[in-house]
Amino acid sequence: MAPQRDVAIVAFAQTDHRRAVPERNEVELIQPVIRQALDQVGATIADIGFTCSGSSDYLAGQAFSFVMTLDAVGAFPPIQESHVEMDGAWALYEAWLKIQAGHADTALVYGYSKASPGDLPRVLSRQLDPYYYGPLWPDSVALAGLQARAMIDAGLIDEAEMAAIAHRSREAARGNPHAQLRGSDPLDELLAAPYLSDPLRRHDCPPITDGGAAVVLAAGDRAREWSKRPAWIRGIDHRIDSHNLGARDLTVSPSASLAAAKAGVSEGKVDVAELHAPFTHQEKILATALGLGDSTVLNPSGGALAANPMMAAGLIRLGEVFRRIEDGEADRGVAHATSGHLLQQNFVAVLEGDPR
Amino acid sequence: MPPADNDRQVTPFPAGLWEQPQPVVPAAVAEVAEPVQRIRVPASMLYRYTPGAAPSRFLRGLRDKRILGEKDPVNGDVYVPPRGMSPVVGLPTTEQVELPDRGTLAAFCIVHIGFGVNAPPTPFVSALVLIDGAAVSVYGTLLDIPIEEVRIGMRVQAVWAPDEELTTSFENIRYWKPLDEPDVAPELLKGHM
Amino acid sequence: MSGNRVAVIGVGQTKYAAVRGDVSLAGLLREAVYRALADAHLGMDDIDAIVVGKAPDFFEGVMMPEGYLAEALGAVGKPLFRVHTAGSVGGSTAIVAAGHIQSGVHERVLTVGWEMQSCSEAMWALSFPLPFQQQLVAGAGGYFAPFIREYMRRSGAPDDIGILVALKDRLNALKNPYAHLHEPDVTYDSVKDSFMLWEPIRYSETCPSSDGAIALVLGGEAAAEASAASTGVSPAWIHGTSMRSEPAMASGRDQVSPQASQDCAADVFAQAGITDPRRQIDVVEMYVPFSWYEPMWLESLGFAEVGHGWKLTEDGATQMSGDLPVNCSGGVLSTNPIGASGMIRFGEAAMQVRGQAGDHQIEGARLALGHAYGGAAQFFAMWVVGSDKP
């Protein structure tokens with residue numbers, strides 16, 4: 001029996017993303033967002049069948065950091081709950097499986113991080129092969145620079161096109177009250193700026209963000225009850241590529257292509273796509289991998305270039321597509337999340353609203 | 001040769017504990033070359049933590065030798081140290097409640113192997129103290145009493161750091177000592193340790 | 001129990017040791033994965049998805065290490081999923097893996113739990129001190145010891161129940177070739193005379209710090225039947241899975257017998273149609289990192305009346321010769337790679353109902369409980385597996 005239940009995103013809330021939120025700890029950061037998401041559907045935790053979160057101990061600089069955040073949920077009496085050391089998009093995947101298996105009808109999903117306590121590019125270097133790459137301490141921006149250089153050398157992108165992606169994303173973020181970076185300098189000024197990690201300039205890189213997001217899932221009639229227009233999950237899949245940078249063609253993303261195919265991205269018109277592309281050139285790789293054309297609006301929220309809270313930025317892509325479907329701005333959309341360096345792991349979901 | 005353990009800045013254990021033999025290397029491998037059994041990758045990362053809103057309020061109180069708990073907005077339970085939320089209802093605690101620096105020993109063990117720079121000489125009593133008016137217990141050490149006289153339900157009093165050493169730290173409460181009051185029935189402590 | 005049927009069709013474990021300096025982190029996982037695939041008569045190409053779990057990343061010093069391990073796990077081009085639910089993670093991971101099949105998404109899933117604790121200083125990785133927080137100057141055992149003392153007070157159990165548990169588990173470990181601690185000379189007196197760490201917990205009543213990995217191959221109904229036909233070994237059918245969580249510090253919590261523990265057990269037994277666990281369950285693999293947790297969990301899970309769990313231990317009911325054998329593998333007290341420990345319980349339960357447990361096999365075991373817990377005794381994961389199709 002293949003998955004048969006109709007499951008939808010019915011609520012979404014996110015923090016106002018900022019470079020640093022020193023006045024709040026993680027539980028204080030995420031609780032208002034969890035509460036907003038539940039309030040949107042008029043639910044309490046007692047109405048939720050399964051709760052799943054995504055966060056990272058390395059970002060928090062603390063072992064078992066997710067334990068304290070459970071206080072934000074109100075988990076007493078005890079609840080069915082789980083946690084992934086992944087972006088909240090994967091927490092949503094676990095919740096989706098739980099509902100498909102019939103173990104729950106509703107789910108609360110959240111993801112969050114405070115990147116501000118540590119030095120993020122350096123912390124992320126700890127995600128590499130500990131024997132061969134880790135000892136070299138390559139930071140995440142330098143690695144992304146290798147990929148951008150490979151793209152340019154292959155004639156797949158140039159610095160002007162990268163700047164245009166940054167400009168378009170941050171101008172779009174003017175309409176996103178939660179975004180950290182809203183608005184962009186003119187293109188010529190962007191291109192006149194010095195390199196940060198050649199060929200990447202500052203505008204090619206995501207901001208460093210403290211923030212989080214929460215989503216509510218529901219099946220069938222409950223979804224219709226809780227949302228005026230649920231965003232039904234019509235396809236969902238995730239895949240991973242090799243970690244061995246020397247063995248990968250960095251200019252393509254086979255795992256994103258495969259996940260898109262499994263999720264059925266090409267089976268209909270894509271009105272909107274929210275791609276988790278932290279670096280400008282990665283949007284091009286992903287749009288190609290997912291087969292998105294000019295008729296698709298890319299990252300109307302501004303994407304990860306406008307706010308990039310680790311462990312939540314992927315979940316936010318799902319939420320942003322949901323919001324546009326619920327509001328009737330779009331009928332069918334694609335949400336993407338990534339994990340690891342250089343788009344190593346990719347998640348794709350196809351969301352669809354009922355016919356209007 | 002692998003580096004000596006003192007080279008890794010490990011917590012010192014009593015001699016003989018946790019010692020294990022060296023790994024066994026298959027003969028075929030050993031013949032080819034000396035196997036690499038360990039590489040060292042020192043990793044040092046600086047984190048600048050901030051405590052958050054509720055813990056900040058609490059720590060500022062501690063600097064003045066005041067114990068400020070925070071109230072569950074629905075059930076009225078007082079949490080100390082506050083972490084900003086009622087874990088029962090998932091709502092922020094905003095109302096501060098000043099608590100006395102007295103309480104009841106809710107649970108304990110006798111520690112013969114201490115950890116950290118602030119651990120007292122062993123053996124000592126690691127205590128869970130239910131401060132009067134609080135809903136959950138705090139961790140501390142119980143001193144100034146023969147270990148064999150320690151019992152669940154006994155009343156205890158905080159011993160503060162000297163005024164000139166007070167900071168915004170939980171360690172302002174140096175330890176807990178016995179208080180000459182009748183014991184509390186242990187059954188009353190269930191659900192609060 | 002809803003969703004598609006699932007069974008354990010392959011189990012593979014590494015040799016557990018304090019230091020596995022003969023393998024890399026990737027090599028450690030491969031050792032378990034190869035054995036699990038061989039047990040299932042499958043190759044890596046047969047696997048649809050991989051679900052992994054481990055405890056804090058600081059143990060190996062690699063953040064989200066599943067990315068680095070993708071190739072070693074045969075995961076390139078496949079879904080690779082990472083779970084972290086504190087000490088219960090090995091159990092939770094197996095349950096999430098089962099969910100990949102119950103949901104109808106996949107047919108054959110590989111799940112792996114591991115920890116290579118020798119890569120770092122385990123005590124540091126577990127609980128390095130943070131500013132602004134209460135400092136527990138007593139270590140991990142110092143956290144749990146007060147609740148053990150409280151259990152002793154409430155139950156009136158004799159002081160030596162913990163010694164009996166430790167002795168039993170260490171003797172059982174001698175029958176398990178994979179176990180970390182093999183102490184042939186262990187006696188009641190050697191446990192009793194071992195160094196007192198966190199009174200009432202002695203050194204020999206605590207778990208070791210281990211390197212190791214376990215891998216399970218899970219299959220849907222068709223995969224399980226094909227595997228059984230090929231291997232001649234009965235699948236371990238999953239009759240119920242459950243997870244429950246509660247906050248670390250909350251008014252009304254009882255850490256001696258947490259509500260989440262009771263709820264989780266009640267849920268998993270209800271799914272499996274078990275009304276009298278003491279009678280119906282043939283063998284238990286329970287997460288007992290400190291000896292006294294055996295009687296504590298026996299009560300919390302419903303195998304004994306409140307206050308009477310210790311009598312099962314004292315009467316020998318939990319020995320291999322008893323009517324409710326607990327931790328025939330030697331348990332967490334003999335082997336503890338933290339992120340794997342819960343999955344080892346789940347995998348050993350499966351081995352028992354498949355008749356694969358060798359010298360520590362309980363003859364005729366048909367229904368077994370795998371149990372894991374973590375955090376401040378607040379995260380629980382359990383499954384019931386049986387030799388009969390549910």
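Which residue forms a salt bridge with Asp327(A)? In this predicted model, for which local features need pLDDT of at least 70, side-chain atom pairs count only at pLDDT 80 or more, and totals for chains, interfaces and linings use all residues, the partner is Arg323(A), with the closest N and O atoms 3.1 Å apart. Residues are numbered from 1 along each chain as its sequence is written, chains are lettered from A and ligands numbered from 1 in the order in which they are written, and side-chain values use heavy atoms, with hydrogens and water left out.

A salt bridge is taken here as a side-chain nitrogen of Lys or Arg within 4 Å of a carboxyl oxygen of Asp or Glu, and the structure holds 57 of them over all chains.

In chain B, Glu98(B) forms a salt bridge with Arg66(B), the closest N and O atoms being 2.9 Å apart. This pair links distant parts of the chain, 32 residues apart, with Glu98(B) lying in strand E5 (residues 96-99) and Arg66(B) in the loop between helix H2 (53-63) and strand E1 (67-71); helices (H or I, at least four residues) and strands (E, at least two) are DSSP runs numbered from the N terminus. Both partners are partly exposed, Glu98(B) at 45% relative accessibility and Arg66(B) at 36%. In chain C, salt bridges that share partners join Lys54(C), Asp57(C), Glu60(C), Glu66(C), Arg82(C) and Glu115(C) into one network.

Strand E1 (residues 6-13) of chain C is largely enclosed by the rest of the structure, because eight of its eight residues are buried. Two strands are said to pair if DSSP finds at least two bridges between them, and E1(C) pairs in the antiparallel sense with strand E7 (residues 211-220) of chain C over seven bridges. E1(C) is also joined by two bridges to strand E8 (residues 236-245) of chain C, again in an antiparallel arrangement. Val8(C) stands opposite Leu218(C) in E7(C) and opposite Ala236(C) in E8(C).

Key
Buried < 20%, exposed > 50% of the residue type's maximum accessible area, 1.4 Å probe, protein only.
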